Amino acid sequence: MNTKQIFSSLLFLLSILVLIPWFIATSGRWDLYYTLTSVALLAIASAGVWLTFYIGRINIGQGAFALLGGYITAILITKAHFSFWIALPLSGIGAALISVLIGLPILRLRGVYFAMITLVLTEVGRLSALALPITNGAKGISNIPLPGKVSLFGIPIIPDFATLENPRIGFYFLAVCLMILCFAVVFRLVHSRLGHLCRSMQQNEELTASIGVNIAYIRIIIYALCSFMGGIGGSIFAVMSQSIYPSSFQVADSINFMLNCFLGGLGYVFGPMLGTVVLYFGWDLLFQTGKYQMLIYSSLLILCMLILPNGLLSLRLPGRKNS
Amino acid sequence: MTPPILQVRNLTKKFGGLTANNDISFDVAPGEILSVIGPNGAGKSTLFKLISSFLRTTSGEVLFAGERVSNLAPHIVARKGIVRTFQETTIFKNMTVRESVIVAHHIRSKANLLGYFFRSANAHQDEQTFGRSADDILDFLGLAPLANEIACNLPQGHLRALGIAIGLACDPKVLLLDEPFAGMNHDETMQMVELVRGVRDRGVTVLLVEHDMAAVMRISDRIVVLNFGEKIAEGTPAEIQDNEQVIEAYLGREEDLVGLYTC
Ligand SMILES: Nc1ncnc2c1ncn2[C@@H]1O[C@H](COP(=O)(O)OP(=O)(O)OP(=O)(O)O)[C@@H](O)[C@H]1O
Ligand SMILES: [Mg+2]
């Protein structure tokens, strides 16, 4: 990283960890915490989708893994009385494992075929949640308790969320820290040799195989990582809203994860984060337009993609490439 | 005689009803330049894809240094030392020339995926050796001045050279070149012929498919001729030029026929 990158990262950290909480405290707009937490969670799931784009796959199935992560957490906490802090990583791992099983056959497909299968996957996720006994059908799972406290050697590290004056602050910091971690991992991955291999695969899988790369293995690793992020996003979401339903993550959400990546820019690690923020708040801002909301929103999206096919981040000054 | 490095044994490939390769057998000696020629659709590319395991055989087998390699995954065959280039100019089109060649060093890497991610000592060392080796290869192929050019901006001749550079980065024992001189003028072709000889002099056994007969006759130690999926002749350039069956196979294809006699 060069000094400029370090400087902007510090500025970014400062604003989301200090400035935003300070602004909320002084303005009293506590509701913003919920919104911003949601954005952070959606950005985490979108980062995963972005990674699958990076190996040349259009993934419209992230909703299924977010839903899966949410249900794993809900079931582990309410039925097996796990601590949320154990259920969270387990949800990610569970989603990743399932994605390996699903990915083995479907990752051979490319282009629109892969996209369609993953789209169907989202619907399969919703229908399974409706049908399986353990997920409690359409009624879903509610009354999920808030995260408990964590202490190491008797020293409390994370307080019991229920004792917080406003548990939303807790969720905000949790989601935002995980988001930072996820994007740091993606950034590091993209700038490592593994990232170069992914880019080679995106540009030509056959040629990549011809230079001795086990492309099937890398595809699976990336897809598992993607689903892991979907899983933990869904997990926190379930606990934050203290409930999960088959409709919590649907086809529309899967499509949004993908759009976030497109809008922000497929060539930029931080594209999905920006895309999520813009799409989420863009939709809200258009709320006042009433029945025209969808029309204006879709038109703007189409316009964006026509004018800026490489995403919003391509607007930056020329001379600075892929970061 | 040294034992063959590559043995093709009764290789057959059927696409549905079409037999693209029919019972083809031949041996390749280490350090040899062997050309595979034949009219369009004769099954040359198919043969190369079978040898590099990009296609599964219908029957027959390929032995590399005595060991069966057919029907393994392509990346495993590449790791063993059989590397192919592509007939179409297949490159990483949005990478620079140097980046492409560095990436292509993958087989030689000591670090594993986690090592890449955490920048282990091995990964760091890899990066340095790959960079140096890539510069060597680019120098050797005359691509050094274009090292930082985005690959898709290269002119045709250099694209072919880049394809070979990517192949060489894999440190192959056998390099399969599918039409390396396609789209080149006479001078470029002759330069390329010298380059391919240079590759052989580095200890690489070279198999190539080519339509440019003048180049083929000049460069090859031996030639295998395919027609309609069958091997119809095998021998030195002089033997092939006199072979009745070969001349017949090329009849009516004037430009190639002329090529057959121009050297
Ligand atoms: N994947 C495939 N599926 C079906 N048929 C194929 C496939 N690949 C090749 N063929 C057929 O097999 C035959 C041999 O093709 P191949 O590409 O090996 O010919 P070639 O000798 O390389 O020709 P050229 O000189 O035009 O490159 C052709 O008739 C071709 O149409
Ligand atoms: Mg061919």
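Tutor: Searching the whole structure turns up three cavities of 30 Å³ or more. A cavity here is a set of points, on a 1 Å grid over the protein atoms alone, where a 1.4 Å probe fits but cannot get out, and lining residues have an atom within 4 Å of a point. Grid points are joined across faces, edges and corners, and the volume is the space filled by probe spheres set on the points. Bear in mind that this is a predicted model, where local features need pLDDT of at least 70 and side-chain atom pairs count only at pLDDT 80 or more, while totals for chains, interfaces and linings use all residues. Side-chain values use heavy atoms, with hydrogens and water left out, residues are numbered from 1 along each chain as its sequence is written, and chains are lettered from A and ligands numbered from 1 in the order in which they are written.

Let's start with the largest cavity, which has a volume of about 140 Å³. Its lining has 19 residues, and those nearest the centre are B:Thr85, B:Phe86, B:Arg160, B:Gly163 and B:Ile164. At least two lining residues each come from helix H8 (205–210) of chain A and from strand E6 (82–84), helix H6 (156–169) and strand E7 (174–178) of chain B; helices (H or I, at least four residues) and strands (E, at least two) are DSSP runs, numbered from the N terminus. H6(B) gives the largest share, six residues. By class, nine of the lining residues are nonpolar, six polar and four charged, where Ala, Val, Leu, Ile, Met, Phe, Trp, Tyr, Cys and Pro count as nonpolar, Asp, Glu, Lys and Arg as charged, and the others, Gly among them, as polar.

Now for the domains. Chain B is split into domain 1 (1–81 + 172–263) and domain 2 (91–171), with bounds from an automatic or database domain assignment. Each of these two domains of chain B supplies at least three residues to the lining of the largest cavity. The centres of domain 1 and domain 2 of chain B, taken over C-alpha atoms, are 26 Å apart. Their contact (heavy atoms within 4.5 Å) takes 17 residues from domain 1 of chain B and 14 from domain 2 of chain B.

On to the second largest cavity, with about 50 Å³ of space. Around it sit A:Arg193, B:Tyr116, B:Arg119, B:Ala123, B:His124 and B:Glu127. Helix H5 (residues 121–140) of chain B provides the largest share of that lining, three residues. Its classes come out as two nonpolar, one polar and three charged.

Methods:
On a 1 Å grid over the protein atoms alone, a cavity is a set of points where a 1.4 Å probe fits but cannot get out, and a pocket is an open set with protein on both sides within 12 Å along at least five of seven lines; lining residues have an atom within 4 Å of a point.
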